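Let's take a walk through a protein together. Keep the picture in view as you read, and look for each part as it comes up.

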Amino acid sequence: MALPKHRFMIWLMFRNALNLKDKFCGIGVCSDDKCCVCDADKETINHLFLQCRYSLLILQGICTWLHIPIPTGNGIILIGRRNWAPVQKSICLAVVMAFYYNVWQQRNLARLEGKLLSPRILIAQIQQLFRSRIQQVNLDNVIVRVSNVIVRDRIWLNLLLTIII
Ligand SMILES: [Zn+2]
């Protein structure tokens, strides 16, 4: 369900290969270590994805839409450990990957051009992307494989397709 470009960005993140300001300031290449997005705190991977007020608004929005608790750590690891139905887990992981990717894109936009999309617009874009991806998937085939959770999954998927945050 996740897009290849989202997976690639996550791959970079897990290898600590994102060029955040704390890296450059740590080796003396730059002196401004403030977050490119909020300018309120030191730009670290934890700040950008877990603490930055901009990112938190987006994460809250997508978690409300997905009907899942807001992850208090790395969402990919935490959701990966959940004992959820495969359909729900696959979609939640893909949406959270999209969250990381989009926050990273907005961070780069803020750094290079001094602008970024509002959290509301970004949430709407992520929802739109996954609504169309969910509709493209043959849900009947997916759900038959997890027949013990057919009703719950179908209700949850219908919520994703109809509720707008
Ligand atoms: Zn910030």
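Asn16 is exposed, because 9 other C-beta atoms lie within 10 Å, and a residue counts as exposed with 12 or fewer. You can find Asn16 in the loop between α1 and α2 (21-26). Its backbone deserves a look too: Asn16 is not a glycine, and still its phi is positive, about 55°.

His67 is not a glycine either, and its phi is positive at about 60°.

Now step back to the whole chain. This model is predicted, with a mean pLDDT of 85 for the protein chain, and 88% of the residues reach 70 or more. Which elements have the lowest and the highest mean pLDDT? Helix α8 (residues 139-144) has the lowest, 52, while helix α4 (residues 53-66) has the highest, 95. The secondary structure consists of nine helices and zero strands. Of the 165 residues in the chain, 29% are buried. If you take the contacts with a separation of 6 or more, 59% of them join residues 24 or more positions apart.

Next, follow helix α6, which covers residues 86-113. How can we check its length? At 1.5 Å a residue, its 28 residues should span 40 Å, and the C-alpha atoms at its ends are 40 Å apart, so the two values agree. After α6 comes Gly114, with a positive phi near 70°.

Finally, see how α6 meets another helix. Two packed helices are described by the angle between their axes and the distance between the axes. Helix α1 (residues 4-14) packs with α6 at an angle of about 75°, and their axes are 9 Å apart. Angles from 65 to 115 degrees count as roughly perpendicular, and therefore α1 and α6 are roughly perpendicular to each other. Which residues meet here? From α1 come Lys5, His6, Arg7, Met9, Ile10 and Met13, and from α6 come Met97, Ala98, Tyr100, Tyr101 and Trp104. The residues of this contact divide into eight nonpolar, one polar and two charged.

Note on methods: Residues numbered from 1 in each chain as written. Predicted model: local features only at pLDDT ≥ 70, side-chain atom pairs only at ≥ 80, totals over all residues. Helix = DSSP H or I, 4+ residues; strand = E, 2+ residues; numbered from the N terminus. Expected span 1.5 Å × (residues − 1). Axes fitted to C-alpha atoms, helices over the stretch in contact; angles between N-to-C directions. Parallel < 35°, antiparallel > 145°, perpendicular 65-115°, else oblique. Contact = placed C-beta atoms within 7 Å. Nonpolar A, V, L, I, M, F, W, Y, C, P; charged D, E, K, R; others polar. pLDDT = per-residue confidence, 0-100. Buried ≥ 20, exposed ≤ 12 C-beta atoms within 10 Å, placed from the backbone.
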